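Hello,

Here is the structure I promised to hand over. Please load it first, then read my notes below.

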Amino acid sequence: MLEDFRLIIDLVSVLAVAACGGLIAALLRQPVLLGYLIGGMVVGPTGLGLIKELIQVETLAQFGVAFLLFALGVEFSFAELKKVQAIALGGGGLQISLTIGFTVLICAITGAWEVLPAKGVFLGAILSLSSTAVVLKCLMERNETETPHGQVLLGILVVQDLALGLMLAVLPALNKPAEAIGIAVVMALVKIGLFAAGAVVAGKWLIPPLLRLLARTESRELFLLGVVALCLGIALLTEYLGLSIEMGAFVAGLMISEVEYADQTLTYVEPIRDIFASLFFVAIGMLIDPFFLWKNLELILGLVALVVVGKFLIVAPIVKLFRFPLKTAIIAGVGLAQIGEFSFVLASEGQALGLVSRKVYLLILGTTAVTLVITPFVLRLAPIAFDWLESIPWLKPYISGEGQALEVADDLPLKNHVVVCGYGRVGKNLVKLFQQHHLPVIVIDQSEARIQQLRDAKVPYVYGNCASFHVLETAGVTTAQGMAIALPDPMSSRLSLKRALELSPELDIVVRANNNKNIEVFYQLGAREVVQPEFEASLEMAAHLLTDLGLSPSLIQREMQQIRDRHYLDLRPEETESEVSRSLRQATQDLNRRWYSLPEGSPLVGMTLEEADIRYLTGVSLMAIQRVSGKEIDYPDAKTTLEAGDKLLIVGEDGEFAALDEFAQGKAAIPRENSACQWINLGNNCPVVGQTIADLELIEDFGVQVQAMRRDGRFMKLPEKNTLLQVRDQLLFCGTLSALRQLERLLAPSSDVVSLSIPIIKAGTTETLTDLFP
């Protein structure tokens, strides 16, 4: 009884330290995974030594990996696997083979081990595995499991997990002759084949009736018990077959994923998964010896650098080889540049078989632990790294997604069409509705499987990245009537929106928001409409019920539209100012952003954002304003007035930042497309003071037109021709830069002129501000 009670104490201690470590990490805005690992180091045998029943706790912790992979299998169905089957099977297998091959080669060159290639193969197998649990946790926290890089990462990780069974089967034969290794490989493949065949049969004819039977009881407890028993039972079967518990748990999830009760299963299992997953990560932390790490710090850091750089240089080119964008390849290379938790299993088996010494085992353990700890940080810093890479001119065309379209359909409409980014479930529905109304449509997608669906359906398509300028131009966004962005990845959605508006500033764009945090960001970037599916479902359900209850349908529709016009604020959870500010920083971290101080005496001071219209004129998007008083206005609306001393959080390209700087300082800017705008103050000695705007028709000889006027804080678009001009009036002229310079000399012979020339950016055209101020 004492041992049993001791185990209870240990489990309570582990869960408590996981909660404390995760809470501290969250408060410090760090991944909670880091808190779990450090908590394990604190209570482990090399820390305070609070855990006595270490083996029992580690055994229970294996449930964490099992449930993680089981839940992944339920979500990551056969249909999802099919989307990335080429990179998963081909790329994953190639990555494992190359990692083992390079490791054997390095061992042979350095003479690290006398017995080759057996021990080199063993070390290569350890290095080839990445952390499914850590990467999956990071993707889930960032809502990126359905993104292109998320699909690639999970596809390769699944293949690595499946290869673990083969590695464990071959491991005992590594000290034997080559024939024994060959026999072990063949036997492992036979076992995997038999198990796969049995899983397919059970998934079709045994699992669905069993789940239906459990569901008919209408007992949550019975359904949960049945699902857990099924998961662990199949996991134990694979362990008995000499494969791995992890493989069995994942396959069990896949078997359930195609059944109608998959969502219900996932909902029930998620709390158990989260508890045991935290237990697993704390158990990993308990294996880390901080004193050994400190004594061998230089060696371990060298090994960590070798592993991270080496795996990145193997993975990234492989992903690029399979025709994925460079950004996806880089993120996949970064995401897999660690040693996985399953390598602990291989290392332990290798030590028991005498393939490695105790010191080498501890070095492997330390290197693995460090790579696991740094992975969340590396994945979080990836967007910042992209911003830095985009600042390098010769790299920017590749990093920013300016890749050519991989393939273009033959019958693309040339104008007045709708561009749809993403051909997932939402994208398919949009295309069907547009076709029903006989609207021409072009779909952009970078999934080979979805492009094949478009070919079969004879829908015009562009095979490429929606965030690529070249791809967007190929899809004809400059001549399109509108654009719908239905991508699952918030980062890609933001970049696609930003770049589409750079090419066509007046384009009508509607964006799907996957969560609350991106709604305002999309609006600030220039989206005409942002749709949040969950909120829309709530509005439609409420409208239906309220209509049935006798309320006026027109009144209900008006109220629902008002909620949409307020950007769903009535439905969104209330947030403090600090929470809104933090969400804003997180949502824009993958965009090129900076704080800009509004200069003293700027022509923008006193203007509302609607009057300044800096997004249209310069291309930058204003996300926040920080007043001199310290008050911060996040997501300012069109009526917000700019004040002296304001600091602006802006998002854009370097050239757009420069245009804003010229705009705000009142200096002449070199325009693009030979078109510029200039604010001119009418001074005391200005010869046109006392005349009307109609009297200024002579300036049309310069090719310049009056587009706007400011007087005593009032802003007028296209002022009346009979308006009498007064001292201190500000006129906005539009024309060529040379014409504006001549006009400046004509209207301002004295030195009291504040002028401003800014580019009007319109792809392929030279346009005046008549288009800007309709």
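The protein exposes about 35,200 Å², and carbon and sulfur atoms supply 61% of that area. Areas are Shrake-Rupley with a 1.4 Å probe; for residues, only the protein chains shown count as cover. This is a predicted model: local features need pLDDT of at least 70, side-chain atom pairs need 80 or more, and totals for chains, interfaces and linings use all residues. Numbering starts from 1 along each chain as its sequence is written, and side-chain values use heavy atoms, leaving out hydrogens and water.

Of the 774 residues, 52% count as buried (under 20% relative accessible area; over 50% is exposed, in between is partly exposed; 1.4 Å probe, protein chains only). There are 31 helices and 16 strands. These are DSSP runs numbered from the N terminus: helices are H or I with at least four residues, strands are E with at least two. Take the contacts (heavy atoms within 4.5 Å) with a separation of 6 or more: 74% of them join residues 24 or more positions apart.

Pairing takes at least two DSSP bridges between two strands. β9 (621-626) and β11 (647-651) have 5 bridges. Ala624 has Leu649 in β11 as its bridge partner.

A pocket here is an open set of points on a 1 Å grid over the protein atoms alone, where a 1.4 Å probe fits, with protein on both sides within 12 Å along at least five of seven lines; lining residues have an atom within 4 Å of a point. This pocket has 45 lining residues, and Tyr523, Gln524, Pro636, Asp637 and Ala638 lie nearest its centre. Elements giving two or more lining residues include β9 and β10.

Last, Ser343. It sits in helix α17 (342-352) and is buried, at 1% relative accessible area. Beyond neighbours within four places in sequence, Ser343 contacts Ile126 and Leu129.

Best wishes
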